[in-house]
Amino acid sequence: MDAKPESHKLIFEKEGVYLHTNAKRSNQDTTIPGFIRIVERDGEPALEWSPVEEDVRNAPAVFYTKKDGEGGEEETKFDPGYEPDWAVISTVKQEKRQEHPPVRETGHWGSFSLPLSELYSLRRARFSLGRNFLVLTTRGGDPLPPLHFHRGGTRELLKAMQRYIRLAPSPMDGRLFLAYPHDSGALSQSFDELHLFDDTSADLVSRFIQDPYATTFGGFSKVTNFFRGAIRHPESPLSNRSPQDAHFPHPADEEPGFELITCGAELGPRPVVKRGKPLDNWDQFLDPEGRVTDPQKLKEIVFRGGIVPSLRKEVWKFLLGFYPWNSTAKEREDILRVKTDEYFRMKVQWKSVSEEQEMRNSLFRGYRSLIERDVNRTDRHNSFFSGNENPGLTLLHDVLMTYCMYNFDLGYVQGMSDLLSPLLFVTQNEVESFWCLTGFMDLVHQNFEESQEAMKQQLLQLSLLLRALDPELCDYLDSQDSGSLCFCFRWLLIWFKREFSFEDILSLWEVLWTRLPCENFHLLMACSILESQKEELIGSNHDFNSILKHINELTMKLDLQTVLCGAEAIYLQLTHCKELPLKVQEVLGQRVPSSSSEQSPDSEPTETDTLLAQSEARGASSCQPFNGQTPQRPPPTYP
């Protein structure tokens, strides 16, 4: 018997919907024109996109199904674009949370067919350049490629979709719309309609087993809507919508534009900041016994202008915790003697390992091999490390090997040699450079842990800051698959070591070691750099590959003082904002994170906070806090 032919009916079609592909994965043109359609196939409505080429107009290449799939796989999150060895710190093992199998490829770039019943949400945005795009997400959590409507048509598409599903604006994000079936009770307009408290326990459990999605979201979405009026300002346009309008996204203007939604906080003007003079008089801060009398004022001077080279060797040992601020000169002599003995005891441990022992210790052998390789290519342009048989290279090797004995669990990870070389250059002393390294690693050791949780957390925090500062730039990066900001990975890992000259790094690190005006000042520096590149990134229409290439090519082209001024100005602009989202306050150290059990009604997050927090959810839900509770710090005073 012949199989029954598939019936299909074209409901909607729009040409001029472009896919901006990732050139890293294909040699094809990075902008592909195509059609967006709504098609009924055997009564099942589906949203389809396909390129203009005639041979693929009716053959979607990627199908999203409802089949179950599970398992974990290793995914490369970031291609650093420089030394291949750094890929060791760019691979993350994560468990798949999606309920659907990997998409099925048929050879055509980016074509897809998505049943509307599998659509979870859509996000709309536009740039000041007039480019509009939609980002669709499936119920399995899979984002589809951003669809760019170069010739308009989004209103018509959304209206056609309304025939089959309801699109409800998220109360937390004006650009986000959640998709529900028409028969879902999730959009009831009151507690009475919801019957949230009328169900018996048995009925509630029964409904949850039959339809957990509708039951769960049917309840909580109503609670959200109930409090929407209390959260939103009475004059807010969304608060004045009629119930009939609540299910359809109102356009802010006619095509081809959209309403441009920001994070909601009015930041105010950004102040002009100038750098100060470096610390050039150490003795004025010492009492007769050698104690530092005013560490806070000293750190403020260092933050504003750095330290003159002749004083770095002494002051760095205080900034990095080798010497306590309240220690006397006599106490420091005792500390140096004890620390010298301790260092050489650890050095003897690895020095005494025989070749036969090393052959039976693969971990130790691996550390030594990696250190020897990195030492031979670390700052070789600097006279202290240049040439063969250079004693500076021997010191670099020995200090790193000793650190492995000091912290064998962490051992050696590529990048640590970059942190040590400036310390060794300034101190010119094996013991002092080692203990300064341990102090530095106390600040950044989590960057080098295999889980990468700290690096993911910092990228999420950077995303929060940038979205508060410049939503338009974030939207553009999102549209080019660059919203994770992973191209900033190297910046944060080794504190811009390869972005500035060696001399600039000496100045930069001593500024960062003050931990002023907040512990995440390095993230504000990253914001300053990215904002300075906004015009180039958006104006030149950079895609994923060219964004990565452009960022890598900034090496040695940035002016440190300009970046520092910009970062401090950003800090002052944000902290002077009275409506600064709570998440941003936490990143800036203006607010200590509290557990959910300790929150009071007055500490409920605002819409802006939740909007910014969604950057975290998109990045990696498994990330844990980087530094735990961040102590509150006052803004620096300027001498």
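**Entry 1: nonpolar cores.** I looked up the largest nonpolar core of this predicted model and found that it has 119 residues. The residues with the most contacts inside it are Leu279, Phe448, Trp491, Leu508, Leu524, Met525 and Leu574.

**Entry 2: methionine 525.** I listed the contacts of Met525, leaving aside neighbours within four places in sequence. Its partners are Phe496, Phe500, Leu508, Leu512, Leu560, Val563, Leu564 and Ala567.

**Entry 3: helices 13 and 17.** I examined how helix 13 (residues 453–469) packs against helix 17 (residues 521–532). The angle is about 50°, and the axes lie 10 Å apart. Helix 13 is therefore oblique to helix 17. I recorded the crossing of the two helices as right-handed. On the side of helix 13, the contact is made by Gln458, Gln461, Leu462, Leu465, Leu466 and Leu469. Helix 17 contributes His522, Leu523, Leu524, Ala526, Cys527, Leu530 and Glu531. Sorted by class, this contact has 9 nonpolar, 3 polar and 1 charged residues. I note that Leu524 of helix 17 belongs to this contact and is also listed among the residues with the most contacts inside the largest core.

**Entry 4: the whole chain.** I counted 22 helices and 12 strands in the chain. Of its 639 residues, 51% count as buried. Among contacts with a separation of 6 or more, 71% join residues 24 or more positions apart.

Terms used: Residues are numbered from 1 along each chain as its sequence is written. This is a predicted model: local features need pLDDT of at least 70, side-chain atom pairs count only at pLDDT 80 or more; totals for chains, interfaces and linings use all residues. Side-chain values use heavy atoms; hydrogens and water are left out. A nonpolar core is a set of buried Ala, Val, Leu, Ile, Met, Phe, Trp, Tyr and Cys residues joined through side-chain atoms within 4.5 Å. Buried means under 20% relative accessible area, exposed over 50%, partly exposed in between (1.4 Å probe, protein chains only). Contact means heavy atoms within 4.5 Å. Axes are lines fitted to C-alpha atoms, for helices over the stretch in contact, and angles run from 0 to 180 degrees between N-to-C directions. Helices (H or I, at least four residues) and strands (E, at least two) are DSSP runs, numbered from the N terminus. Angles under 35 degrees count as roughly parallel, over 145 as roughly antiparallel, 65 to 115 as roughly perpendicular and the rest as oblique. A crossing is left-handed if the near helix is turned anticlockwise from the far one by less than a right angle, and right-handed if clockwise. Ala, Val, Leu, Ile, Met, Phe, Trp, Tyr, Cys and Pro count as nonpolar, Asp, Glu, Lys and Arg as charged, and the others, Gly among them, as polar.
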